[in-house]
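Dear colleague,

Please find the structure below for your records. A short account of the findings follows it.

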Amino acid sequence: NADVGSGGEKSAVEGVKYYTLEDIRVHNMSNDTWLIIHDKVYDITSFLEEHPGGEEVLLEQAGADASESFEDVGHSTDAREMLEQYFIGDLRFEKKKKLNPYISSLFCSSWSIWLISAVAAVVVGVGYRYFIFEHRSS
């Protein structure tokens, strides 16, 4: 893979450029606007002024994944086809270290956050009472 401008890499086989999230995040201004929609990267800078919903809504998503917002609006088939002309590459997925699944699920579920907080509060309360009791005994 050879480097191609703006941090992207071009696949020798397919000719598709791949960009990382870091590559895309810096393109978040009105004169340089990229979006990710369904793992595809689009340079929509020249489309900002033409967007029927106004450029502000696009700039809010600039340099980030706009898939959910794009779907929430319910864009037409024509809008989806128009988007293709701004396609510049695909999102490169980076492998990240995964936590032990048990630990990951423990810290990610909302009920466990409350449980961990409650246990911490009990430990602090018991420690405080012990500390106060020790000082009264002295």
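In what order do the elements of the chain run from the N terminus on? The order is β-β-β-α-β-β-β-α-α-α-β-α-α, with six helices and seven strands in the chain. Helices (H or I, at least four residues) and strands (E, at least two) are DSSP runs, numbered from the N terminus.

This is a predicted model, in which local features need pLDDT of at least 70 and side-chain atom pairs count only at pLDDT 80 or more, while totals for chains, interfaces and linings use all residues. Residues are numbered from 1 along each chain as its sequence is written, and side-chain values use heavy atoms, with hydrogens and water left out.

Of the 138 residues in the chain, 24% are buried (under 20% relative accessible area, 1.4 Å probe, protein chains only). Among contacts (heavy atoms within 4.5 Å) with a separation of 6 or more, 54% join residues 24 or more positions apart.

The largest pocket has a volume of about 470 Å³. Of the 21 residues that line this pocket, F47, H51, L58, F70 and H75 are the closest to its centre. A pocket is an open set of points on a 1 Å grid over the protein atoms alone, where a 1.4 Å probe fits, with protein on both sides within 12 Å along at least five of seven lines; lining residues have an atom within 4 Å of a point. The volume is the space filled by probe spheres set on the points, which are joined across faces, edges and corners.

At least two lining residues come from each of β5 (32-37), α2 (55-61), α3 (67-73) and α4 (77-83); α2 gives the largest share, four residues.

Notes
Buried < 20%, exposed > 50% of the residue type's maximum accessible area, 1.4 Å probe, protein only.
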